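Hi,

Here is the structure I promised to pass on. Have a look at it first, and then read my notes below.

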Amino acid sequence: MTSDISARPGAEYLREKRLDVPWADTFVQGADGVDIRMRVYEPAARPSVTLVWAHGGSWTRGSIEGWHEACAALAALGTARILSVGYRLAPRWLHPTAVMDIAAATLWAQQTYRHPVLVGGDSAGGTLAAGVALWFRDNGLPLDGQVLAYPPLDPECTADSYRESRSFPPRSLLLDAWGEYAGSGADLRERLYLSPLHAPKLTGLCPVSLIVGTTDPVRDDVEQFAQRLIASSVPVDLAVSPAVAHGHFLDSSLANPVHHWIQTRLSLPTNRPPTTDGA
């Protein structure tokens, strides 16, 4: 199912050290047999948890390279192994291709490492990670948690926060991005794993940690998701912070509040969120 980088020509040139975190590229086969590239960041300390990360970029942009410095900075903060997934982008590849690429990477991580494996992502990547968690639940597969940074969750962008906020990203941009990712045709609310807000039920999901900025246009989406999780008895932790902006994950500075928040979630006993409103 998998093919390691060591079996590929020029593999030795794909390793280097950034921010004291060694990394290596490897590959996993997607559901349709296509090789999906992954970049694995190994912190200096022995990793106690693996976080499979889906980058943002409105489902149409973004890459392992574009998120390299941020993922290395995140890994440098603690003892979590970070696995960045080079999933296939829209509009060439429509939903659910990206979700299934990340699911394949998550399964690979579970088969490769013995400790807990969580899935997460920033912005559009967070939306994809939430879809992966639903897919795992529906297929009776275990997952230790999901860590989602400001995910857009409504393809129609109907919440008040989209219209009231003047912060990035604008509603028009998100509507266009959803269209390129989801395509046209049947009611979007019937698309499996497109958005957890459309799932008929959320019971049985693995624990969820959510962070969003106070003025982020997607704030209402995130808060609605948290409320539904609470009603479904799913362990959930929501942080709404004035210090967080949409796209903040890409800041590779030591003071990045999103990175520190992620690390605290990965360091929790059994990786379960402790509260419903803690930062």
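Let's start with the disulfides: the count comes to zero, taking a disulfide as a pair of cysteine sulfur atoms within 2.5 Å. Cys71 counts as buried at 0% relative accessibility, and Cys157 is buried too, with a relative accessible area of 0%. Buried here means under 20% relative accessible area, exposed over 50%, and partly exposed in between (1.4 Å probe, protein chains only).

A word on the ground rules. This is a predicted model, where local features need pLDDT of at least 70, side-chain atom pairs count only at pLDDT 80 or more, and totals for chains, interfaces and linings use all residues. Residues are numbered from 1 along each chain as its sequence is written, and side-chain values use heavy atoms, with hydrogens and water left out.

Now the whole chain. Seven helices and ten strands are found in it; these are DSSP runs numbered from the N terminus (helices H or I, at least four residues; strands E, at least two). Of its 279 residues, 56% count as buried. Among contacts with a separation of 6 or more, 73% come from residues 24 or more positions apart, a contact being heavy atoms within 4.5 Å.

Strand β9 (residues 208–213) is worth a look. Six of its six residues are buried, so β9 is largely enclosed by the rest of the structure. Val208, Leu210 and Val212 cover one side, and Ser209, Ile211 and Gly213 the other. Leu148 stands opposite Leu210, while Ile211 has Ala239 in β10 as its bridge partner. Together with helix α6 (residues 219–231), β9 and β10 make a right-handed β-α-β unit, that is, with the strands pointing away from the viewer, the path from the first strand over the helix to the second runs clockwise.

Last stop, helix α7 (residues 257–266). Seven of its ten residues are buried, so α7 is largely enclosed by the rest of the structure; the buried ones include Trp261, Gln263 and Arg265. At the start of α7, a side-chain oxygen of Asn256 comes to within 2.8 Å of the backbone nitrogen of Val258.

Cheers

Notes
Polar contact = N/O pair within 3.5 Å; in protein donor to acceptor, adjacent residues only side chain to side chain. Pairing = 2+ DSSP bridges.
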